Amino acid sequence: MTLPEEIFCPENHKRFLVEMGKVVVNYRLAPVCFLTVWQLISSVDPQFLKLTKVDDQIYSEFRKNFEKLKIDVLDPEELKSESAKEKWRPFCLKFNGIVEDFNYGTLLRLDCSQGYTEENTIFAPRIQFFAIEIARNREGCNKAVYISVQDKEGEKEVNNGGEKRADRGEENTKNRGEKGVDSGEEKEEGINREEKTDKGGEKGEEADKDINRSGEKAM
């Protein structure tokens, strides 16, 4: 992953390392991480997914506190600004002791129809990640990813099936051609045998005539 230039100023670089450290710890220890969630919503209809044991509670509290928050495409200011942090903090603290490592850092997608790229992700507390992804699942936002992946898989199967049918067609044509050649050769051999038989018969008749003529002379 390429890193933006502003990360390398001393202050930002230090903050980046701290946040990356949280992500690494979260990736190693958390039972469900952002990559696992991405794999799940790509292979299973998201409306049937459960990301935690307390999905219902998280979703209920989330929409109670953030009723009008637009979740399909997130505005970073609604997550990271000082006023937003003040509103998110009490929500997050409610899940201390309920959601394991609730305040660990992880990656959250901004646009739910896109994958995990540098431009489409921000760092967020784990409970914030769960709240938004659970809401996306239940409100149908993540279904676009599932449909897109399934369509691509379907296209691959169709293409592979066409290639297999083409291969079988070529093989059948080749076999028919070989059989045709063999049949032609067999017919030609049969004709040759008939010609030889006819010639043998003619020679036999000529021999008989010679014998008869010799007999007549002797008499």
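How many disulfides does the structure hold? The count is zero, where a disulfide is a pair of cysteine sulfur atoms within 2.5 Å. The model is a predicted one, in which local features need pLDDT of at least 70, side-chain atom pairs count only at pLDDT 80 or more, and totals for chains, interfaces and linings use all residues. Residues are numbered from 1 along each chain as its sequence is written, and side-chain values use heavy atoms, with hydrogens and water left out.

A disulfide is a covalent bond between the sulfur atoms of two cysteines. For C112, the closest cysteine sulfur belongs to C141. The two sulfurs are 4.8 Å apart, which is too far for a bond. C112 is buried, at 4% relative accessibility (buried means under 20% relative accessible area, exposed over 50%, partly exposed in between; 1.4 Å probe, protein chains only). C92 is also buried, at 10%.

Rings of Phe, Tyr and Trp (its six-membered ring) pair if their centres lie within 6.5 Å; planes under 30 degrees apart count as stacked, over 60 as edge-to-face and the rest as tilted. F62 and F91 form an edge-to-face pair, with 6.5 Å between centres and 65 degrees between planes. F62 sits in helix α3 (residues 55–65) and F91 in helix α5 (residues 82–93), so this pair ties together parts 29 residues apart in sequence. Helices (H or I, at least four residues) and strands (E, at least two) are DSSP runs, numbered from the N terminus. F62 is buried, with a relative accessible area of 0%. F91 is buried too, at 1%.

The rings of F66 and W88 are stacked, because their centres are 4.0 Å apart and their planes lie at 20 degrees. F66 belongs to the loop between α3 and α4 (77–80), and W88 to helix α5, so the pair joins parts 22 residues apart in sequence. F66 is buried at 7%, and W88 at 3%. Ring pairs link F62, F66, W88, F91 and F95 into a cluster.

Helix α5 also packs against helix α6 (residues 126–138), at about 90 degrees and with axes 10 Å apart. Axes are lines fitted to C-alpha atoms, for helices over the stretch in contact, and angles run from 0 to 180 degrees between N-to-C directions. W88, F91 and C92 of α5 meet I127, Q128, A131 and I132 of α6, contact meaning heavy atoms within 4.5 Å.
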